[in-house]
Amino acid sequence: MTRIANARILVSGAGIAGTALAWWLAEHGADVTVAERAEEPRDGGYKVDIRGAALTVVDRMGLLDQARAVRTGVRAGSVVDATGRRVASMDADTFGGRVHDDAELLRGDLARILREATTGRVGYRFGTEIEALDPDGTVTFANGGASERFDLVVGADGLRSRTRSLAFGEGGVHDLGHYIAICSVPNHLGLDREELTYVGPGRTTLVYSTAGQSDAKAMFLFSGDAPRPQGQEAQKRFLTQAYAQEGWEVPRLLEAMGDATDFYFDTISQARLDRWSTGRVTLVGDAAYCASPASGQGTSLALVGAYVLAGELATAGLDEGPHRYEELMRPFVVANQKLGPANIKRMVLRSRGQVRMSMRMLGLLNRLPGKERMLAKVVEPIHRAATAITLPTY
Ligand SMILES: Cc1cc2nc3c(=O)[nH]c(=O)nc-3n(C[C@H](O)[C@H](O)[C@H](O)COP(=O)(O)OP(=O)(O)OC[C@H]3O[C@@H](n4cnc5c(N)ncnc54)[C@H](O)[C@@H]3O)c2cc1C
């Protein structure tokens, strides 16, 4: 018998953290409801990674083979110049910062695998969100829903968490001085499981194709400190202005972006909070400790956080569990959040001079035997951070 057997727990958000948490809570005997703002689950999306301790978590869920079966299959990454010539190429693991058996897959595929694994054990309510939240766990849902009391409410609703705003007030989001945008585009470059990167001053553009997808994804990373534009049309205009002078295939990508229906835009930011719980409300995943897309570790933090939170609730109960979760997770989060600012500096170069120098060095490096071994050194800090926690067995 665990300390949360039959406890009524509401999870806000059916992303990675929310579905993984729901799985573990149900495993420990809780009565779990997940409320998701989107009308329906979204498959596909951009690629994410399962690394280090998170691989152990997914393995303990018995889902690692399923996750591996939908790997993106991306085989290589190259940096290109304005003519499209591949200045430097390397295998996809080195390019994407993966070691050993780390798995890269589409975010929507991972969310689907996690969600399907909870079938029959977790109640989902799509198309709704928390409108009002009392620290004692009383929730009013949007669209005129009635109030309901839960033994615990967990915000797993991402970087812009509404649960966090309602329970902790505004704040806690720290911009790293860059923006990120991503959308599907026609694969006019004919990429076959390959990723191309074009680097301009203050702007980096990536295009990749993954196994089984006819479209490619275009991702834009660029620097700036203006406030985040509100609304998709304003965001698309903002991005187009930032890339107005850009060469290579960028004009074509921008044109395709104009029609994209899955356009995503945000600042590259981290969530940093003094505490992750208050009253009967706790946060998990990006809502509590977003490490930023630049860290490459957001998905793994979400998976590990879900495992530890559920496990500590089950063994220490609803009062002590959230504090023990935070004690165990915080050093792991700190180690992984350090990756964000360091990586973004490498990914987005400040000046034309830096771009020229970097291209020259990449060109030289590309001709060296054993370049993969040298580049693997860049991967080492990610691997160290990804394994910087000893997972308890619950
Ligand atoms: C462009 C991009 C690229 C990325 N690349 C990588 C990568 O390479 N490697 C990596 O590991 N990570 C990457 N990440 C980060 C990764 O996607 C997240 O860190 C990870 O998905 C965290 O999961 P989460 O469940 O905490 O949040 P999310 O995945 O953001 O899920 C939050 C969920 O809550 C829902 N929601 C939002 N608001 C509400 C509300 N008010 N009420 C109810 N539901 C709500 C959302 O619809 C969503 O389903 C990337 C992120 C982005 C944006």
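This is a predicted model: local features need pLDDT of at least 70, side-chain atom pairs count only at pLDDT 80 or more; totals for chains, interfaces and linings use all residues.
User: Which elements give two or more residues to the lining of the second largest pocket?

Analyst: There are 15 lining residues, and the closest to the pocket centre are Tyr198, Val199, Gly200, Arg352 and Val355. Two elements give two or more residues to this lining: strand 13 (194-200) and helix 12 (352-367).

User: How many charged residues does the lining of the second largest pocket have?

Analyst: Sorted by class, this lining has seven nonpolar and three polar residues. The charged residues number five.

User: How many cavities of 30 Å³ or more does a search of the whole structure find, and how much space lies in the largest?

Analyst: The search of the whole structure finds one cavity of 30 Å³ or more. The space in the largest cavity is about 30 Å³.

User: Which residues line the largest cavity, and how do they divide by class?

Analyst: The lining is formed by Gly45, Leu106, Tyr208, Ser209, Thr210, Gln213, Asp215 and Lys217. By class, the lining has two nonpolar, four polar and two charged residues.

User: Are helix 1 and helix 10 roughly parallel or roughly antiparallel?

Analyst: Helix 1 (residues 16-27) packs on helix 10 (residues 298-337) at an angle of about 30°, and their axes are 8 Å apart. Angles under 35 degrees count as roughly parallel. Helix 1 and helix 10 are therefore roughly parallel.

User: Is the crossing of helix 1 and helix 10 left-handed or right-handed, and which residues of helix 1 make the contact?

Analyst: Helix 1 passes helix 10 in a right-handed crossing. On the side of helix 10, the contact includes Thr299, Ala302 and Leu313. On the side of helix 1, the contact is made by Ile16, Ala17, Ala20, Leu21, Trp24 and Leu25.

User: How many residues of the contact of helix 1 with helix 10 are nonpolar?

Analyst: The contact has one polar residue and no charged residue. The nonpolar residues number 13.

User: Are helix 7 and helix 8 roughly parallel or roughly antiparallel?

Analyst: Helix 7 (residues 232-242) and helix 8 (residues 250-259) pack at about 175°, with axes 11 Å apart. Angles over 145 degrees count as roughly antiparallel. Helix 7 and helix 8 are therefore roughly antiparallel.

User: Which residues of helix 8 make the contact with helix 7?

Analyst: Helix 7 contributes Lys236, Leu239 and Thr240. The residues of this contact divide into three nonpolar, two polar and one charged. From helix 8 come Leu254, Met257 and Gly258.

Definitions and conventions: Residues are numbered from 1 along each chain as its sequence is written. Side-chain values use heavy atoms; hydrogens and water are left out. Axes are lines fitted to C-alpha atoms, for helices over the stretch in contact, and angles run from 0 to 180 degrees between N-to-C directions. Helices (H or I, at least four residues) and strands (E, at least two) are DSSP runs, numbered from the N terminus. Angles under 35 degrees count as roughly parallel, over 145 as roughly antiparallel, 65 to 115 as roughly perpendicular and the rest as oblique. A crossing is left-handed if the near helix is turned anticlockwise from the far one by less than a right angle, and right-handed if clockwise. Contact means heavy atoms within 4.5 Å. Ala, Val, Leu, Ile, Met, Phe, Trp, Tyr, Cys and Pro count as nonpolar, Asp, Glu, Lys and Arg as charged, and the others, Gly among them, as polar. On a 1 Å grid over the protein atoms alone, a cavity is a set of points where a 1.4 Å probe fits but cannot get out, and a pocket is an open set with protein on both sides within 12 Å along at least five of seven lines; lining residues have an atom within 4 Å of a point. Grid points are joined across faces, edges and corners, and a volume is the space filled by probe spheres set on the points.
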